[in-house]
Amino acid sequence: MEKEKKDRFLLSMLVNNEAGVLTRISGLFARRGFNIASLSVGETENPDISRMTIMATGDDYFKEQVVLQLEKLQDVRIVELMDMDDTVMRELLLVKVRVDDQTSRSQILEAVSIFRAKVIDLTPVSLTVEITGETVKLSAFIEYLAPYGISELCRTGVTAIGRGNNILSKKYNKEEN
Amino acid sequence: MKLTGAQIVIEILCEQGVDTVFGYPGGTVLNIYDELYKSSGRIKHYITCHEQGAAHAADGYARSTGKTGVVFATSGPGATNLVTGLATAYLDSTPVVAITGNVACPPIGRDSFQEVDICGVTMPITKHNYIVKDVTRLAHVVREAFRIARRGRPGPVLIDIPKDVQVAECEFEPAAAPVAKEEKEVDSTSLKKAVKLIKDAKKPFIYFGGGVVISDASKELIRFAEKIGAPMGSSMMGLSAVPNKHPLFLGMTGMHGRFAASKVLSESDLIIAVGTRFSDRATGNKLQFSKNRRVLHIDIDPAEIGKNIPVYVSLVGDVKQALNLLLASDIKHTAQSWHDEGEAIKNMPDSHLTMDMSRLNPQAVIEAVRKRTADDTVVATDVGQHQMWAAQYYHFGNPRTFVTSGGLGTMGFGMGAAIGACVGTGKRTVLFTSDGSFHMNMNELATAVTNNLPLVVILLDNNALGMVRQWQTMFFDNRYSHTTLSRQTNYAKLAEAFGAAGLCLTDKKDIDAILDKAFEVDGPVLVHVKIDSDEMVLPMIPPGGTINDIITKN
């Protein structure tokens with residue numbers, strides 16, 4: 001676990017917003033034996049370009065190789081290995097917990113307030129919570145809720161943005177074609 | 001000017017200087033073939049017997065001429081039959097543009113007749129691929145495909161064009177022929193480091209690969225080797241970049257390389273790797289390969305630096321440009337003692353391996369063929385023992401004369417590739433093949449006959465899948481599981497049935513007479529050569545081994 005944390009790295013990419021690009025990138029990871037921990041993608045302010053954030057684990061050799069191989073893909077405009085100390089990272093979690101008694105309910109609501117989460121759905125037998133934060137915070141929240149019985153959860157995967165002047169599209173200088 | 005998609009494809013092929021296409025028509029490429037019919041004065045199309053043969057032909061054409069090979073196929077099975085050909089081109093970095101038809105856009109995704117997602121299928125084996133669903137994008141895509149296929153480290157690009165896009169019309173603007181694109185400049189800091197590394201080395205060894213052939217950098221490489229007085233060895237893909245007779249060239253290194261080449265490499269203190277990717281077949285044990293010596297890696301693909309072998313200094317860029325920069329620097333000739341050490345190794349008994357000359361053997365046949373070929377004769381091979389023998393015993397003259405499947409090791413590559421090379425060079429071409437490989441794509445002999453191509457096929461028949469048999473002999477206690485072929489094919493008659501000439505060579509004393517006859521034939525000829533099943537490819541460094549593990553005797 002310690003080692004895994006140490007080897008964890010974050011890639012931010014600007015890619016062409018075209019069909020099949022996600023397959024090209026995930027296919028490259030799969031066939032080179034690179035493992036993806038999380039992936040999030042969405043259109044940017046420029047509709048021709050999507051931004052992709054990939055969290056993965058691997059040593060220095062792996063990191064270097066993955067960047068170089070990704071740079072070879074025609075649809076990848078820029079890849080950056082994010083400096084974790086100069087990056088803001090967030091992930092969104094939706095989690096549904098079974099609650100059949102009042103005590104559990106108030107305990108969970110207390111946790112929701114402490115974790116600065118938000119209740120987004122409530123039924124007599126369940127409670128659905130939304131929480132945003134760094135991956136570790138989300139994991140801690142899940143761990144706290146586990147004993148109550150999680151009926152389902154989904155995480156978006158990490159998305160990340162550089163601090164201040166660290167702007168990915170400004171570094172985009174790959175010659176057009 | 002308004003043109004249809006199919007017309008745009010043909011116009012851009014002409015604009016890109018394409019005058020030769022290999023392919024196979026079918027339902028969804030009918031419109032493109034119709035335009036080809038109307039443009040037959042500008043583009044010559046060769047129909048093969050199978051799309052795989054067409055893909056290999058485009059590949060062989062590209063390897064032997066340096067131009068981009070072009071192949072057409074229809075959707076579904078036509079497209080999937082290209083797969084092995086594209087993978088072969090991808091692994092050996094050959095510029096090929098494949099154009100496939102597909103069903104019209106509306107029925108795509110409904111498992112229509114002969115519909116296949118060829119972009120999905122070929123994604124990992126092409127440099128890039130496209131499905132063009134809008135005719136207004138077609139011209140841009142086809143031009144870009146040629147640029148991508150050629151630029152940097154070359155490779156195959158596939159364009160899938162649905163039938164309705166071939167029919168649709170749009171405005172087309174002709175463009176001028178593309179000018180050769182300058183590759184990125186080599187970084188000057190790295191250059192300084194590289195020069196220092198070379199100057200510090202006492203025993204430099206040049207290990208070069210196919211990048212030297214692709215970059216047309218043979219002259220520069222030879223001048224560089226002579227300037228620093230470094231012995232050279234090559235990967236199999238590097239063969240033909242330097243003539244075998246050059247005194248500094250020791251031959252191929254690696255699993256079936258020459259003893260002297262691997263031995264001198266193991267004594268070096270600096271490996272200058274030029275246009276090569278350190279394949280496991282060439283390096284053997286990777287830890288030992290770079291142990292006790294530094295590596296300077298020159299390659300156009302930044303992703304190859306440090307991928308297989310740790311590198312001390314790298315020069316990323318076009319090999320020719322990098323070598324010219326090194327030649328312009330103040331590098332000096334190394335001491336005479338290193339040269340003497342190399343010469344001593346060259347004179348060791350293991351450096352002079354020959355086969356058993358008392359019987360008809362591959363070496364004798366290959367050397368006799370060489371006496372009848374010119375320096376610019378292209379030699380294609382299939383894959384297996386005969387390929388290694390050709391690599392070992394054929395003495396290459398000019399660059400681009402060895403057309404062989406290195407990375408993928410594609411049995412069945414040879415017949416199509418030799419046809420492509422023969423068409424591309426317009427000269428007599430030799431194919432070394434074997435009973436195993438020949439049976440895979442022998443159908444293309446018909447293509448050679450139809451076009452009356454001067455193709456000399458030397459079929460080394462050992463009645464076995466020889467390379468696998470050799471491994472079974474060496475590592476599986478002679479358990480010959482399904483490698484004894486016992487085929488009763490009469491190859492000479494088969495060749496005649498195809499309309500080619502057929503000859504049979506069974507006795508050592510007839511080598512000259514039979515080969516003389518073969519080289520006089522106008523058109524394709526097959527020479528069936530009977531050799532022993534237990535003929536081995538030696539020397540051999542077992543997988544993952546080093547020069548100390550080299551096997552030189554049966």
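Figure 1. Chain B contains 24 helices and 20 strands, taken as DSSP runs numbered from the N terminus (helices H or I, at least four residues; strands E, at least two). Residues are numbered from 1 along each chain as its sequence is written, and chains are lettered from A in the order in which they are written. In this predicted model, local features need pLDDT of at least 70 and side-chain atom pairs count only at pLDDT 80 or more, while totals for chains, interfaces and linings use all residues.

**Figure 2. Overall dimensions of chain B.** Along the principal axes, the C-alpha atoms of chain B fill a box of roughly 70 × 60 × 40 Å. The radius of gyration is 24 Å, in agreement with the value near 24 Å for a compact globule of 554 residues; the radius is taken over C-alpha atoms, and the globule rule is 2.2 Å times the number of residues to the power 0.38.

**Figure 3. Surroundings of Leu221(B) in the largest nonpolar core.** This core has 160 residues, and Leu221(B) is one of those that touch the most other members, as are Ala58(B) and Ile458(B). A nonpolar core joins buried Ala, Val, Leu, Ile, Met, Phe, Trp, Tyr and Cys residues through C-beta atoms within 7 Å; buried means 20 or more other C-beta atoms within 10 Å of the residue's own, with C-beta atoms placed from the backbone. Beyond neighbours within four places in sequence, Leu221(B) is in contact (C-beta atoms, placed from the backbone, within 7 Å) with Phe208(B), Val212(B), Ala241(B), Val242(B), Val274(B) and Leu323(B).

**Figure 4. Contact between chain B and chain A.** Chain B supplies 11 residues and chain A 12 residues. Helix α7 (residues 135–150) of chain B gives the most to its side, with three residues.

Conventions:
Two residues are in contact if their C-beta atoms, placed from the backbone, lie within 7 Å. A residue is buried if 20 or more other C-beta atoms lie within 10 Å of its own, exposed if 12 or fewer, and partly exposed in between; C-beta atoms are placed from the backbone.
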